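I set out to record what I looked up in this structure, entry by entry. The entries below follow the order in which I worked.

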Amino acid sequence: MFLKNGWYCAGWMHELDAGPIARRMLDMPVLVFRAADGAAAAVQGNCPHRFAPLHRGTIAGDTITCPYHGLVFDRGGRCIHNPHGDGELPKNADLRTYPVIESQGVVWVWLGDPALAAETPVVDTGFVVDPAYATVFGYLSVEAHYQLIIDNLLDLTHPAILHANSISSPEYMGEKMHHRFRQEGQVVHSDYLFKDVAASPGLAPLWGDRRTDVRAMMALYPPSSLMLDFRMNEVDGPDDEGLFLPTAHLLVPENERRTHYFYAMGRNAAIDNRGLDAIIADVARKAFAEEDEPMIRECQEMMGTHDLFALKPAMLKTDVAAVRARLLLDRLIAEEGGR
Amino acid sequence: MFLKNGWYCAGWMHELDAGPIARRMLDMPVLVFRAADGAAAAVQGNCPHRFAPLHRGTIAGDTITCPYHGLVFDRGGRCIHNPHGDGELPKNADLRTYPVIESQGVVWVWLGDPALAAETPVVDTGFVVDPAYATVFGYLSVEAHYQLIIDNLLDLTHPAILHANSISSPEYMGEKMHHRFRQEGQVVHSDYLFKDVAASPGLAPLWGDRRTDVRAMMALYPPSSLMLDFRMNEVDGPDDEGLFLPTAHLLVPENERRTHYFYAMGRNAAIDNRGLDAIIADVARKAFAEEDEPMIRECQEMMGTHDLFALKPAMLKTDVAAVRARLLLDRLIAEEGGR
Amino acid sequence: MFLKNGWYCAGWMHELDAGPIARRMLDMPVLVFRAADGAAAAVQGNCPHRFAPLHRGTIAGDTITCPYHGLVFDRGGRCIHNPHGDGELPKNADLRTYPVIESQGVVWVWLGDPALAAETPVVDTGFVVDPAYATVFGYLSVEAHYQLIIDNLLDLTHPAILHANSISSPEYMGEKMHHRFRQEGQVVHSDYLFKDVAASPGLAPLWGDRRTDVRAMMALYPPSSLMLDFRMNEVDGPDDEGLFLPTAHLLVPENERRTHYFYAMGRNAAIDNRGLDAIIADVARKAFAEEDEPMIRECQEMMGTHDLFALKPAMLKTDVAAVRARLLLDRLIAEEGGR
């Protein structure tokens, strides 16, 4: 079950700069490309004639040419040329089109009712384009239902265990952890303060080894975009000074069992030191791809095709944000009439 | 859904010369071997006792010995020896047998009602054994429903796009393409004339680079054998002189999602130049295995398990032969009572 | 369909000495480990909170720490520590525990009603720990239903065909084979005598090449543990002298299509010649992994998901033990109410 009425990340703007993007999203093939005027356009990813994958064809200027029989479509999805026979255009051969927005580094696509797109804002990913930050990017294909990843991200008690040797440490729990859950409209906030803790090994290149107050404020914007406001402050110091590592976690269900996971991590320190980029990218990759991804995938394997709640899991108080996010998504999906 | 009453290619005669052939056809295991007198015999491919694959056993003279417990069967499928205990023969232990014909290079098997086999002729593949032609052979296992491959072969508008750099060229369409569909009895003909076009890059070794009239006459003999009469003639010249490349495309459903694809391509030029064989075989392999197969497989992936018509595809006038072939097969399958 | 009330082999004791064992058994994750006092304990293999695989966590002394959020469980499965927030223990967070017995080299686990475990003896695998024998061990993961392997083992007519060049020979059948089936309580015995036959090639390193009377007495202890009393005696000599190769075949359904196959082969000859171990291990591996396993797997492929009886197989008189074992298991499974 997916929420169709919502903005989903189809990729990064720099990825679209490099060429068309073909991705399966909500179990539908989607093709995003830049038209002749440079604007992004999004259409269904296969041809209505024999369902050939359009990204294997020629995408040039405002037209897409199918790789199988050469039908040509314009940027609005209309079939405008049939190279065969008398050239009569086939009926019902137009591509579905999707609203698309490029904003602050992200290409967003709307797969639901187009009438609702205009009134729905996209998520603020301003740090990505803010010159005060240097940002590294990543992508994972995770063999798990997207809600398992939302569970993971809204619950920042797991890092003290799972990321104890990378982006967290065993100190980041118990009495040192302060958690506040709040829901504002449809945004689920899960805010953490880790008071007077050791710096994590992974972030030593940026912070050194002195003790710190860590603030990690995660917010879920439905359907499945999460923004983390991460700060390392001096102990008892102000929270608007220090090392800021804002991070976007943008999830898109590929299907019921696989998820696209786009992430970007900014930093407000040593932003001109491009040599640090590879180090920070590796810290993020290690934590997300080598620690989170295998764990989430193995949990999914253990769960089989069952829904989490159907398995009657034990609940911790610290699960409150993840549980509320599930209830919110369940309600939104039910309201739009299911898939 | 398969048509059972029809001749299917189990392999080439030279393949059977080299040893028994074990193949899954219409989702049933089939074993074809030469008996002591050299004649082909076809039986079910697994033992009725514990369903062991008989091709792993010993096939010698007129007997097949099961590799698991040693039951012996004669060429007529009868269980004639039980090596264990008192040697009593088990009941209901005979193998199903299938009518088989060797004809003009092809081993044909009949998997339906045996009574109907005798009255049904096999397809004429005479060029394969005609000394006026040199022939190369190939085989593909295609992860797609067999009807997607029939669609591909009856529609020769796709080569101008998909094979533009191999066995066709972008000129082979539009006004230069003349198409005639006709059905004669149960044979669906799809005849193409490409008038005054460039020679394709792939066939330059045989034809050179002078312009040509290309005739490509494809015929489907149900269930799924297709014969292509391909000719390159001088522009405005007679159609019975020039380069002839008759090609057999013999399809057999392995199951609902995978197809055996046997092909043979003959040529009437430079037939004693065996060095050309590898060049021609590579031209065919490139077109069928590297261009057609990935396209058909990806279309199948896009379609999932849906039938083509259920997806309400857009239709081109040039689809007429493929559509009529689907309607014909649907009717024949319905008439024999489905699978 | 599995029999839950029965002892299943979770592994060898020496495997458990080396560290915790995590295995899927009867389609459930099971974790076996040694507690602080050295005794074996068996619990469900995933955490009740988010179903993380516990063997990825820390297992030390009497506690298991979940690798995802750090919940701690004691050897009795009780959740005893929550490191987060106020540390309140979650409800319904205890692990299922399973009776476990270490006996004569084998770790046995009981996955059914615990009340029935105490009254059920484990199988006697005494040779494994008997100083009069040297023993080699092996493990296979077989992609087949466990009953196909029971069929294989209770029927020792197949070796004369399938293992003709390894642990049997073509002489081991027909008039030279004497078979007796008997059922004692719930134990199915299938006893074979091969009278005055050649030694098998595989066992020549132990027996040489003189002729022999071979006794092979297989017994199935439900659910799926089989013990083979294998003896090579002098022709017409006493049956309590000669080469003894007792062998345990301990099967555990991983799921409906895959089976854990543990085996151990003892010998009463040259027991101090450890160099022979590798030779004997290779003889067993060749027979079980290279001859039996592919045959059983391919039979399963041929059968698809069908039950053997549903396919109405031909029956041989020598199938009597295998058939009776199937009827016995069917009855026992029905009596405990199916899975």
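**Entry 1: the copies.** I noted at the outset that the model is predicted. I first asked how chain C relates to chain A. I then looked up which C-alpha of chain C is nearest the axis. That atom belongs to C:T305, and it lies 11 Å from the axis.

**Entry 2: an annotated span.** I consulted the UniProt record, an unreviewed entry, for chain A. The record places the feature "domain: Rieske" at residues 7–109 of this chain. I looked up the make-up of residues 7–109 of chain A and found 6% helix and 44% strand. I also noted that the end C-alpha atoms of the span lie 5 Å apart.

**Entry 3: a sheet in chain B.** I turned to an open sheet of three strands in chain B and recorded the order β1-β11-β10, with antiparallel pairing. Which strands stand at the edges? They are β1 (7–12) and β10 (100–103) of chain B; each has a single partner strand, so one side of each is left without a neighbour in the sheet. I recorded an average twist of 30 degrees from one strand to the next.

**Entry 4: one pair of strands.** I examined how β1(B) is joined to β11 (residues 106–110) of chain B. I found five bridges between these antiparallel strands. Within this pair, I noted that B:Y8 stands opposite B:V109 in β11(B).

Conventions. Residues are numbered from 1 along each chain as its sequence is written. Chains are lettered from A and ligands numbered from 1 in the order in which they are written. This is a predicted model: local features need pLDDT of at least 70, side-chain atom pairs count only at pLDDT 80 or more; totals for chains, interfaces and linings use all residues. Side-chain values use heavy atoms; hydrogens and water are left out. UniProt positions are given in the numbering used here, feature names are shortened, and annotations may be inferred rather than shown by experiment. Helices (H or I, at least four residues) and strands (E, at least two) are DSSP runs, numbered from the N terminus. Two strands pair if DSSP finds at least two bridges between them. Axes are lines fitted to C-alpha atoms, for helices over the stretch in contact, and angles run from 0 to 180 degrees between N-to-C directions. Copies are superposed by least squares on the C-alpha atoms of residues with pLDDT of at least 70 in both.
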